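User: I would like to go through the labels attached to this model and see what each of them rests on. Please set the values against the cut-offs as we go.

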Amino acid sequence: MNRKVVKEDVDSRIFDAINIIVLFLVTVVIVVPLWNVIISSLSSGKALAEGGFIFWSKEFSLENYRAVFNDNTIWQSFLVSISKTFFGVITHVFFCAMIGYGLSKRYIKGRKLYVAMGVITMFFSGGMIPTYLLIKSLGLLNSFWVYIIPALFSYYDVVILMNFFRNVPDSLEESAKIDGAGDWRIFLKIFIPLSMPAMATIALFNGVGQWNDFMTTKLYITNQALYPLQMKLYEIIVQSQTQSMQNIGGSAVIETTTKGVQLATIVITTLPIVVIYPLLQRYFISGMMLGAVKE
């Protein structure tokens with residue numbers, strides 16, 4: 001009996017050691033390329049041309065970041081990105097939550113029809129040209145609202161919120177109605193606070209999508225005052241590549257400087273998401289534990 005216990009203990013330790021080694025290797029595979037991008041973005045053109053470094057640069061320089069921030073309109077583009085991400089996330093989550101709350105009620109007339117129509121939108125779309133014509137007919141071309149209104153609805157997010165709303169005990173809603181609360185008050189005071197894990201998850205995914213959105217500007221915006229950070233950085237990269245191609249010498253230093261600018265833009269666009277993600281991580285933990293306790 002003791003031998004069996006000892007063997008199980010040894011097997012358990014071996015298994016834990018293997019898990020630690022695997023997690024360490026996965027962490028190295030993820031962290032090392034990210035660290036290399038950051039170090040490369042802080043390297044001079046000469047150091048990038050010589051190469052041969054992974055963890056530490058031979059010569060540090062801020063020229064790549066200066067090349068990005070030399071454009072005076074970069075801060076305006078940064079403000080546009082923050083504004084469209086902030087308002088886009090709030091309106092998207094609230095709009096999807098309203099629809100999800102309504103569809104979570106089985107007594108709603110025509111509910112099955114609305115659900116079927118929502119499912120269709122998950123698999124089919126009008127296409128690029130019809131969508132452009134619709135945006136044009138709505139007067140959203142060269143408008144800030146083109147970032148907000150078309151992104152209001154996502155049936156995938158509605159389904160997630162609808163399932164969370166169904167997990168709320170009916171007794172809470174019945175008690176609120178007995179106290180005289182209406183549908184709006186029940187929705188705002190009971191369902192939204194209880195569904196914060198799901199809403200935070202949707203907010204993060206939608207926020208990342210809004211922050212990284214590039215095609216909306218490319219298709220519908222020609223006014224540079226409405227360019228977000230992604231579009232402005234794209235222009236800076238194109239300009240640096242053009243200057244490199246026009247260089248008579250075609251030296252490696254110029255080419256690697258262009259590469260350094262590209263790496264600097266990667267760091268600039270990724271940093272806000274990396275900072276915000278830990279703030280929402282606790283909601284993901286709450287979301288995983290939400291279904292673990294039953295009445």
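User: Where does alanine 225 lie, and why is alanine 225 called partly exposed?
Analyst: In this predicted model, alanine 225 sits in the loop between α11 (215-220) and α12 (229-246). Its relative accessible area is 34%, and because buried means under 20% and exposed over 50%, alanine 225 counts as partly exposed. In space, alanine 225 and serine 77 are 7.4 Å apart, C-alpha to C-alpha, while in sequence they are 148 residues apart.

User: How many aromatic pairs are there, and what makes phenylalanine 144 and tryptophan 145 an edge-to-face pair?
Analyst: A search of the whole structure gives 16 aromatic pairs. In the pair of phenylalanine 144 and tryptophan 145 the ring centres are 6.1 Å apart and the planes stand at 75°; since centres must lie within 6.5 Å and planes over 60 degrees apart count as edge-to-face, the pair is edge-to-face.

User: Why does phenylalanine 144 count as partly exposed?
Analyst: Its relative accessibility is 22%, and because buried means under 20%, phenylalanine 144 counts as partly exposed.

User: Why is the pair of phenylalanine 165 and phenylalanine 191 called edge-to-face, and which helices does the pair link?
Analyst: The centres of these two rings lie 5.6 Å apart with the planes at 80°, so the pair is edge-to-face. Phenylalanine 165 belongs to helix α7 (residues 155-166) and phenylalanine 191 to helix α9 (residues 183-194), so that distant parts of the chain, 26 residues apart, are linked by the pair. Both phenylalanine 165 and phenylalanine 191 are buried, and they belong to one aromatic cluster that also includes Phe94, Tyr101, Trp184 and Phe187.

User: What makes lysine 84 a residue that lies over the face of tyrosine 147?
Analyst: Lysine 84 is at 5.0 Å from the ring centre of tyrosine 147, and the distance criterion for a charge over a ring is within 6 Å, together with a position within 35 degrees of the ring normal. Lysine 84 is accordingly placed over the face of that ring.

User: How do you know that α4 and α9 are roughly perpendicular to each other?
Analyst: Helix α4 (residues 74-103) packs with α9 at an angle of about 110°, the axes being 12 Å apart. Because 65 to 115 degrees counts as roughly perpendicular, α4 and α9 are described as roughly perpendicular to each other; their crossing is right-handed.

Technical notes
Residues numbered from 1 in each chain as written. Predicted model: local features only at pLDDT ≥ 70, side-chain atom pairs only at ≥ 80, totals over all residues. Heavy atoms only, no water. Phe/Tyr/Trp six-rings, centres within 6.5 Å; stacked < 30°, edge-to-face > 60°. Buried < 20%, exposed > 50% of the residue type's maximum accessible area, 1.4 Å probe, protein only. Helix = DSSP H or I, 4+ residues; strand = E, 2+ residues; numbered from the N terminus. Axes fitted to C-alpha atoms, helices over the stretch in contact; angles between N-to-C directions. Parallel < 35°, antiparallel > 145°, perpendicular 65-115°, else oblique. Left-handed = near helix turned anticlockwise from the far one by under 90°.
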